[in-house]
Amino acid sequence: ITSYTQKNNSILIKDNISLHDELKIISFDEDPINNFYKSIIETDNAIEIKKVKYERLFKILHNDNMVSRFMALYQYLQDLVKAFYDKQNNSNKFKGQSSVIYYLSQCGEDLNCYNKNKNRQEDIYTYFRNRIAHAEDTDNMNEYVVINEEINIEIIRNLLIRINELIMKIYK
């Protein structure tokens, strides 16, 4: 209230309302999802002949939860490794995660993560996938939160590169 006046039987009250508006502009170059799109679109890809494969990839990237995003990408990677073996008429050689580990090692990925439960070296993606599964099996929310913080954009980006490479090998 800015003023208050009383005269005879009438009262005059004056007030004002202050409005505040804010506009936030975010450059698309700083948007990780847009950068993923650009990195896929601007490199060799098979998007012209396999739009649905890339649509699946793009939809996965819209998930805000890094663990969910990562798990969906890992499953996609595993599906593509199986398709790769099928294309080479070696479908009987596909052994799930072991085949993913072997395929990635053949592509130059380091097997520098040790899985004490399976007594073997793993790639970083299988390592995180197994940690997530273990946290879910034991209902360990603290571990789940830690993993969610450890999975970063670089891991996701490198996994996307491997997925794109596989799509190219299988379908182009």
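**Charged pairs, core and rings in a predicted model**

Q: To begin, what does E109 count as, buried or exposed?
A: E109 counts as buried, at 16% relative accessibility. Buried means under 20% relative accessible area, exposed means over 50%, and partly exposed lies in between (1.4 Å probe, protein chains only). This is a predicted model, in which local features need pLDDT of at least 70 and side-chain atom pairs count only at pLDDT 80 or more, while totals for chains, interfaces and linings use all residues. Residues are numbered from 1 along each chain as its sequence is written, and side-chain values use heavy atoms, with hydrogens and water left out.

Q: Which side chain does E109 meet in a salt bridge?
A: The partner of E109 is R162, at 2.9 Å from N to O. A salt bridge is a side-chain nitrogen of Lys or Arg within 4 Å of a carboxyl oxygen of Asp or Glu. The pair links distant parts of the chain, 53 residues apart: E109 is in the loop between α4 (97-106) and β3 (113-115), and R162 is in helix α7 (residues 153-171). Helices (H or I, at least four residues) and strands (E, at least two) are DSSP runs, numbered from the N terminus.

Q: And R162, what does that one count as, buried or exposed?
A: R162 counts as buried, at 13% relative accessibility.

Q: What else does R162 meet in a salt bridge?
A: The side chain of R162 also meets that of E165, at 2.7 Å from N to O. R162 and E165 are three residues apart in helix α7, which means that about one helical turn separates them. E165 counts as partly exposed, at 29% relative accessibility. Salt bridges link E109, R162 and E165 in a network.

Q: Why do residues three or four places apart in an α-helix point the same way?
A: An α-helix has 3.6 residues a turn, so residues at that spacing point the same way.

Q: How many salt bridges are there by this rule?
A: The count comes to seven. One of them joins K82 and D86, whose closest N and O atoms are 3.1 Å apart. K82 and D86 are four residues apart in helix α3 (residues 66-87), so they too are separated by about one helical turn. K82 is partly exposed, with a relative accessible area of 35%, and D86 is partly exposed, with 32%.

Q: Changing topic: how many helices and strands make up the secondary structure?
A: There are seven helices and four strands. From the N terminus on, the order is β-β-α-α-α-α-β-β-α-α-α.

Q: What percentage of the 172 residues is buried?
A: Buried residues make up 35% of them.

Q: Which residues touch the most other members in the largest nonpolar core?
A: They are F70, L73, L77, I151 and I163, in a core of 38 residues. A nonpolar core is a set of buried Ala, Val, Leu, Ile, Met, Phe, Trp, Tyr and Cys residues joined through side-chain atoms within 4.5 Å. The elements that give two or more residues to this core are α2 (51-61), α3, α4, α5 (124-137) and α7. The largest share, twelve residues, comes from α3.

Q: Which residues does I163 touch?
A: Leaving aside residues up to four places away in sequence, I163 touches L57, L73, Y76, L77 and L80. Contact means heavy atoms within 4.5 Å.

Q: Which residues of α4 are buried?
A: The buried residues of α4 are Q97, S99, V100, I101, Y103 and L104. Their cover includes α3, β4 (120-122), α5 and α7. After α4 comes G108, whose phi is positive, near 100°.

Q: How many aromatic pairs does the structure hold?
A: The structure holds six. Rings of Phe, Tyr and Trp (its six-membered ring) pair if their centres lie within 6.5 Å; planes under 30 degrees apart count as stacked, over 60 as edge-to-face and the rest as tilted. F84 and Y85 form an edge-to-face pair, 6.4 Å centre to centre with 80° between the planes, and both residues are buried. Ring pairs also link F70, Y74, Y127 and F128 into a cluster.

Q: What lies over the face of F84?
A: K169 does, at 5.7 Å from the ring centre. A charge sits over a ring if NZ of Lys or CZ of Arg is within 6 Å of the ring centre and within 35 degrees of the ring normal.

Q: Last one: where is the place of D139?
A: D139 is in the loop between α5 and α6 (141-150). D139 has a positive phi of about 55° although it is not a glycine, and D139 is exposed, with a relative accessible area of 70%.
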